[in-house]
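These are my notes from a first reading of a structure that was new to me. I wrote down each thing as I looked it up.

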Amino acid sequence: MPVALNSKDLATLDQKLAADSQVFELLKGGAKAVTSADFVGVKEVRVNTMTGFTASTYKRNGDNSRAKLDISKKTLELMQERWMAYDLDVLDTEENFANTVANAVEEHTRLVAIPEKDKTAVTALATNAGKIVEEDITEDNALSVFDEAEQYMTDTEVIGPFIMFASSAYYKALKNSPKVSKTFTTNEVNLSGINRKVATLDNDIPIVKVAKSRLQVLKDGAINFILVPLNVAMPIEKYNSVDVIDASTDRDGYRTTVKGLDYYDVLVLENAKPAIYMSKAKVTAP
């Protein structure tokens with residue numbers, strides 16, 4: 001017996017708010033040393049570190065010393081294996097234009113997969129940070145703490161291009177810092193305005209504001225910002241697939257199944273750790 005409906009469902013979803021990737025995808029552009037191709041058929045690969053380099057003054061007509069180079073191995077392993085699966089009954093789909101495979105996949109990616117990947121990327125950066133500074137941020141010191149981070153990068157011989165992942169609190173303090181210039185502009189509709197946007201520092205380092213739910217991964221102390229070269233952290237996606245199983249194959253009903261496996265991680269090489277600079281809030285003793 002057909003179902004008589006006295007109302008109609010729109011194909012449009014009332015979507016929850018969620019930002020696009022703020023960390024994971026941005027790091028992909030600069031990290032090419034290790035790729036998903038290195039993990040074909042396995043979840044672990046080894047990288048070699050060569051040490052023992054030295055130099056000495058050459059002795060003419062004499063015996064010159066030789067040094068032995070040592071090689072050590074480090075294993076890189078993909079740890080994040082994330083599964084999703086949903087059933088969509090054909091009757092529900094017929095009666096509700098929004099109950100589609102495309103909507104299910106899009107909403108899962110937007111609300112679950114992207115935030116999880118960003119948190120994985122931040123955790124990798126924070127866990128492997130070679131320089132951690134505990135400091136409280138104010139409007140007066142927001143710019144000077146960046147100068148300290150930049151000086152560290154120069155003295156440690158870390159080469160850019162750099163990117164800064166900043167908390168909303170740090171960005172707010174930086175924007176309101178008395179040391180940051182403000183410019184008066186006129187926009188396209190001829191309304192006077194004040195431009196306080198801090199898109200980059202020194203016209204060189206982009207600042208990316210990261211949502212609190214994705215940035216604050218530490219158990220002690222909030223992250224103010226993480227400054228890092230683009231080529232240090234390596235987001236790897238070995239396997240990212242979505243399959244649809246037609247309702248006609250369902251033995252116990254008529255449900256379309258959408259399922260997927262996302263196999264990924266963010267890796268940092270041992271010698272790259274000193275290039276990760278993290279500023280975090282001071283922890284007050286209980």
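I began with Phe 165 and looked for its bridge partner in β10, which turned out to be Ile 226. The model I am reading is a predicted one, and I keep that in mind for every entry below.

I then looked up the neighbouring pair and noted that Met 164 has Leu 227 as its bridge partner in β10. Taken as whole strands, β5, which covers residues 162-166, and β10 pair in the antiparallel sense, and I counted five bridges between them.

Next I asked myself how many residues of β5 are buried. The answer is five of its five residues, and I therefore put the strand down as mostly covered, with buried meaning under 20% relative accessible area. I recalled that side chains in a regular strand alternate between the two faces of the sheet.

My next entry concerns helix α4, residues 142-155, where I compared the span with the expected one. Its 14 residues reach 21 Å from the first C-alpha to the last, which is close to the 20 Å expected at 1.5 Å a residue. I listed the buried residues of α4 as Ala 142, Leu 143, Val 145, Phe 146, Ala 149, Tyr 152 and Met 153. As background I wrote down that an α-helix has 3.6 residues a turn, so residues three or four places apart point the same way. Just after α4 I came upon Glu 157, which takes a positive phi of about 60°.

I then turned to an open sheet of three strands, in the order β3-β12-β11 and with antiparallel pairing. Its edge strands are β3 (80-89) and β11 (233-245), each of which pairs on one side only. Neighbouring strands of this sheet are turned by 10° against each other on average, with direction ignored. Between β3 and β12, the strand of residues 255-268, I noted ten bridges in the antiparallel sense, and Asp 89 has Arg 255 as its bridge partner in β12. Helix α3, residues 101-127, lies across β3, β11 and β12, and runs at about 15° to β12.

Last, I recorded some totals for the protein. Its secondary structure comes to six helices and 13 strands, and 33% of its 286 residues count as buried. The protein exposes about 18400 Å², of which carbon and sulfur atoms supply 50%.

How values were computed: Residues are numbered from 1 along each chain as its sequence is written. This is a predicted model: local features need pLDDT of at least 70, side-chain atom pairs count only at pLDDT 80 or more; totals for chains, interfaces and linings use all residues. Side-chain values use heavy atoms; hydrogens and water are left out. Helices (H or I, at least four residues) and strands (E, at least two) are DSSP runs, numbered from the N terminus. The expected span of a helix is 1.5 Å times one less than its number of residues. Buried means under 20% relative accessible area, exposed over 50%, partly exposed in between (1.4 Å probe, protein chains only). Two strands pair if DSSP finds at least two bridges between them. Accessible areas come from the Shrake-Rupley method with a 1.4 Å probe; for residues, only the protein chains shown count as cover. Axes are lines fitted to C-alpha atoms, for helices over the stretch in contact, and angles run from 0 to 180 degrees between N-to-C directions. Contact means heavy atoms within 4.5 Å.
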